[in-house]
Structures are given as structure tokens and as C-alpha cells.
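These are my notebook entries on one structure, written down in the order in which I looked things up.

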Amino acid sequence: MSPELAAPRRRRSLSVHIVGQNAGLLLVFAMLAAAVALYCLFYWMQQRSFPGNFELTSTVDNTMPLAMAAIGQTIVVLTRGLDLSVGGIIDLTNALAAVHMQDSLGSMLGWTVLVLLAGAALGFLNGLLVGVGRLQPIVVTLATLSIFQGLAIRVLPQPGGAIPPGYTALLVNMNQPWALLYLVLCAGLWLAFRRSAIGVAIIAVGNDEAAARANGINVVRSRVIAYTLSGVFAAAAGLFLAATATAGDATSGNGFTLSSIVAVVLGGVNLFGGRGSAIGAMAGGFVTTMIVNILFFSRIDPLYQSFYEGLFLIIAVVVGGGIGRMLRRRR
Amino acid sequence: MARGSSALARLRLGRDRRRTLYALAAAAMLFVLGEIVHPGFASLDSLEAVLTVASFVGLVAAGQTFVVLIGGIDLSVPWILNGAAILLVTSSLGQNERAPYAVALTLAMGAGVGMLNGLGVAFLDVPAVVITLAMNGIMEGLTLGLSGGLTCQACASYAPPIVQQAVHRQILGAPAELYLWLAVIIIVSFVLGRTRFGRHTYAIGNNLRASYLAGISVRFTTVMLYALSGLFSALAGILLVGFGGQASLGMGAPYLFQSIAAVVIGGVYILGGRGSYIGAAAGAASLTALVSVLLAMNMPDYGRSIIYGVVILVLLLLYGREESER
């Protein structure tokens, strides 16, 4: 850890320094490029044509919930925490939206705000327990995961409810990849957040809690805000999930706890805190979707899907970690 | 520090014992509560049934205790367990004469997969959460793929009668499974409390760097602990097949949450270094008792899920308060 903290005496090559600092981000985009190229290759071998607008749109629409969840997870992981309740928050917010949203502009806007607030409240609870209660994030969010999942089934016992078509068109237009705009918006928000006081505080807490406290950062407040933001983004994921499915399912969010961690890891965010970018995590989410697409087109038995995903995760972490370390050492 | 260390050690021992007692007292209280809401709940038969169900959680929790004691976690439990269950029936085909080989093969598979987890943690510096998560996916894919989604001919086999007997046979009025669990409790407690390996485990959990400098083979111990966790998941898978007769897909899913919950309820410190297996075993018993009481009260699934979470949070807050006294 310490070599990174020591200021470079001789600024022999700034470019190597920048590459070393952003190794995770560069790697995930390299992975994404490789995955897209491989996907195009397999697609061409099967269809004798290249994927077009339809494939792009469906890939983006299918990845939106994961990309949102990954942003939230990133913010928590930056504080050296982990939010396992992401899946539960997605379940609950997804169910709330599907049960209550009506086909009118007022209802759609109102419930969007309410659902995001609900996500904030759930995340705030996690934040209080971790920050003020000084409990371990893994067990706290494992417990709240169970609670949120229970509440979600209480809200929507059977898959059902309905999302107005207008809302689906607004969030995930099925014809054009308009959802990319939300990603650009989130990337912009992230860049601003990273430079804001609270963003810096969150990263500082993850890097070295004692040093952050000594420098006057309110550690508890930073933690609470990080978990609250994670709740908000998980709620956004729930909304996107409901919009793509056009209905609700109180268990459809369960898988996102693990896949958001996978996206964050692929995105080069350090699980030990203080290092990483939400943009990388979003790209990591796209890599996981692309892997599923590639497996589909390469005619691999879908039963083996988890096997390849697990294998890829290990390879990505080992290779990514190795390259990152090498680059930083060479500085 | 040196001055107060012996007093501190005594206090810590006292606290660990106290937590074990809390977990046991919680189980006892739940039986009393169950008897009130559902007369006959605290009968010997029902106690036996609850403990038998708890034993499967308890066995997985043994493995989880090992890795949590060094500050790790094993998320690969569900599909090691499920894969073990399916491997047992497909390799034994329900025949007694094949059973010893099948059991040995299955246990070796569990230990081997666990060892891979350990190698990843110890040598590749991959966080435990990531490697065991990935390993869970790998085992899921392999289990589903190789068994054709549990459609293979051998997949419908029953567990060999001898394995079923190992769970069900009544010895002195209690099922053999409970004796087996008792044996595991004694052995694991002995290993953790009385052997060099156990002391190394606690040392690594308390301070990895100091343990390394003190000459403890941190990597070897880490690999062994993850291998043990895989071994116990596989053992639970074998016994669950013996209990239910046949393997099914998803049978391992509940055991991840429950094993971690049992470890937490039992007072094992999630960052490592403190806690005992007796505590985790008591945690498994009280968790299962809680589920049984809720079932007896006709609590719907969602209510159980909520109460599960709340109980763990309350215990965490109680224990956390003690932690800050340190």
C-alpha cells in the first residue's frame, strides 16, 4: 500500500504515472473492447452480418440496472465497505414501482421520486448501522438484505403489477439506445462527485480512516452518505429493472448483489477501499453482459454460463491486479 | 499492554464463553416460547427434529468458523454443498458397495475446491469475497453442466442406504446424525483450542503481519482453513442427501446465509481472531429453533425473512457494544 502513497520524487515519466494510477480503468475498457470484438466475431460467424442497432439497444437496456447498482456499490466499496443489501433494495423498489405506478405523468414522476427516496432511506439505515453503530458492513447488509427481501415479498407476493408503457419508453426506449444518455449523465455526475468535498471525504476514509479523521473529515457522516447513495442507485436500478420487464418481481433483484460486486471488481475498483471509479464499474457491468452474449453466440451450453463467468472473474482479478501492481512499481 | 495482557486474556475468554451461553440461552428461550405458542413444541421428539436440522447448518458453520477466524469468508458454500450432494448420488448410484469410494471422492472434491479458494487467497492475493464468489459460480456451472441440469440418468439415484443410515439410525434414542455433529463439535473445538494449528489460526486472525514475523506459515494455514471449509460443505451435502434421500438443485442456497448467521450469533468476530466453534454450533441451534418457532406460529416466508434479519442486527448491536468496551 505504502509505495503508492509516497510522492514520486523524480517525475521521470508522467505518462507512466497516469497509466499506473488508472490501470484498472484502462484494463476494464480494454476488456470491454475485447469482449465487443469477440462478440462481433461470433455474431458474424453465426449470422453473416454485424450486430446493429437492435443488439446495441437491447444490450444497453439489459445492462442499465446492473450499471446503476454498480455505481452505488462502487461508492460503498470506496469507503472499504461492501453493500450486500443491494439486491434487497432492488427487489423492494422494483415491487413498489410495479404496484403503485399509474399511467399518468404525475404518478410516474411522483413514484420515481418516492422510490428513490425509499432507496435512500434503506441505504441510510445501512449507513447508520455501519457508521454510527460501528458494525461490520458484510454482516449488517447481509441482515438488512434478508429484511428488505422479506418486505419486498410483502409488497408484491407474486410477480405482477404493471409499469406504464410510457415509463418504459422514457427509461429504456426499446427502439433506440437512448439509455446511453443516462450513462453519460451518471459518468458526468461521478466526475463531479469525485471532486466534491463529500466525494473526496469518502475516498479518504477508504484510504486511511485514521488519517482522514485526523484531517478533520467526519468519518461517520461520510459512511452514512456513501450507503445512502448506494441505496439511491440501487433504487434507480430497481426502476430500470421494472421498466425493462414492464412488470414487477420481488425476487428479480436478488442476483444483483453478487453481479454488482463482480462489475465493481472487473471495473478495477479496489475492494480494500480508496481506489476506483464508478465509470470503470459501469464498464465492468457491460463486460459481464457481453460475456453472457458471447457465450450465447458461441453456442456454449447455457448450463455452463456461471462456470465461465466465475472463471473470467478470477482471471480478470488476477491479471488486472498483477498488471496494476507492475505498472505502479515501475513508476 | 504486557501488564494487562493476562487479565485481558481472561476477560476475552470470559466474553467468548458468555456469548456461547447467550446463544444457548437464546435457543432454550425459543423452545419455551415455542411451547407457549404451540404446546408440544418443546417435546423431546421436536427437540430432536430441530437439532437434526440445525446439525446441517452447524456443519457448514464449522467450515465458515475456520475461515472467519482469519478474517475471511466462504461464499462458495451453496454450490460446493450442492455439487457434493449430486456427486455422491451419481458416483454411488445408490449402492452400498460403492458408498465408501463415493463418500471419499465427494469429500476430496470439497476439500480440493476449498483448497483452490485458499490458494487464491494466500498466493494470488485475491480478496476472499471475490475468489469464493467466483468459485461458487464455477461450481454452479460445472454442477449444472455436467449433470445436464440434473437430468442425467444417475442423477435420480438415491443416496446409498448406508449413508441414509448414518443420518437416520437411532442410537440410544437419538439419530446418528446428532452423534456425528457432537463428534465434529468435539474435534473442531479440540483442533482450534488445543493444537498448534488452532493457535496459528487465532494468531493470523488477530494480526497477520505479526504472525508472519513470528514464523507462522500463514499461507499454509490459510490454504488448510479454506480446504477445511470446503470439506465441511461437502460433508453437509453428503449428509443432506442421506437425510432427504435424493439430491436437488438449489439445495445449498439457504446454507450460505444461515452459516454466516450462525457464526455471527455464536459470537465469532467477523474480522477474525476471536470466537469458538461451540458458539457457532449454539448459534446454529438457536437459529433453527427460531425458524421452527416461526413455522409453528404459521409465520409466512416474508415474515421469517424479516425477523431473521432483525435478530441478527439486534445481536450485532449487543455484541458491538461489548466490542467498543475493549
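This is a predicted model: local features need pLDDT of at least 70, side-chain atom pairs count only at pLDDT 80 or more; totals for chains, interfaces and linings use all residues.

**Entry on B:Tyr179.** I located B:Tyr179 in helix α7 of chain B, which covers residues 176-194. Its relative accessibility is 33%, so I noted B:Tyr179 as partly exposed, since that class lies between under 20% for buried and over 50% for exposed. I also looked up B:Ser248, which is 69 residues from B:Tyr179 in sequence and 26 Å from it in space, C-alpha to C-alpha.

**Entry on the core.** Which residues have the most contacts inside the largest nonpolar core? I found that they are B:Trp181 and B:Tyr277, in a core of 192 residues. B:Trp181 is in contact with B:Tyr277 itself, and its other contacts beyond four places in sequence include B:Leu51, B:Gly58 and B:Ala284.

Is B:Ser292 buried or exposed? At 17% relative accessibility B:Ser292 counts as buried, and I placed it in helix α12 of chain B, residues 277-296. Apart from residues within four places in sequence, B:Ser292 is in contact with B:Phe41 and B:Val50. B:Gln258, in helix α11 of chain B, is buried with a relative accessible area of 17%, and beyond four places in sequence B:Gln258 touches B:Val57, B:Leu287 and B:Tyr308.

**Entry on B:Leu33.** I found B:Leu33 in helix α1 of chain B, residues 2-37, where it is partly exposed at 41% relative accessible area. B:Leu33 and B:Leu290 are 257 residues apart in sequence, yet their C-alpha atoms are 9.6 Å apart in space.

**Entry on the interface.** I then turned to the two chains together and noted that 36 residues of chain B are in contact with 34 residues of chain A. The area buried between them is about 3000 Å², and carbon and sulfur atoms give 84% of it. On the chain B side, B:Leu133, B:Tyr302 and B:Leu313 lose the most area to chain A, together 18% of what that side buries. Across this interface the rule finds zero salt bridges, while it finds five residue pairs in polar contact. Helix α5 of chain B gives the most to the side that touches chain A, with 13 residues, and by class that side has 26 nonpolar, eight polar and two charged residues.

**Entry on salt bridges.** Side chains of opposite charge can pair when their charged atoms come close. In chain B, B:Asp301 and B:Arg304 meet at 2.7 Å, three residues apart in helix α13, and B:Asp301 counts as exposed at 54%.

Conventions: Residues are numbered from 1 along each chain as its sequence is written. Chains are lettered from A and ligands numbered from 1 in the order in which they are written. Side-chain values use heavy atoms; hydrogens and water are left out. Contact means heavy atoms within 4.5 Å. Buried area is the accessible area (1.4 Å probe) that two parts lose on being put together, summed over both. A salt bridge is a side-chain nitrogen of Lys or Arg within 4 Å of a carboxyl oxygen of Asp or Glu. A polar contact is a pair of N or O atoms within 3.5 Å; within protein, one must be able to donate a hydrogen and the other to accept it, and residues adjacent in sequence count only if both atoms are side-chain atoms. Helices (H or I, at least four residues) and strands (E, at least two) are DSSP runs, numbered from the N terminus. Ala, Val, Leu, Ile, Met, Phe, Trp, Tyr, Cys and Pro count as nonpolar, Asp, Glu, Lys and Arg as charged, and the others, Gly among them, as polar. A nonpolar core is a set of buried Ala, Val, Leu, Ile, Met, Phe, Trp, Tyr and Cys residues joined through side-chain atoms within 4.5 Å. Buried means under 20% relative accessible area, exposed over 50%, partly exposed in between (1.4 Å probe, protein chains only).
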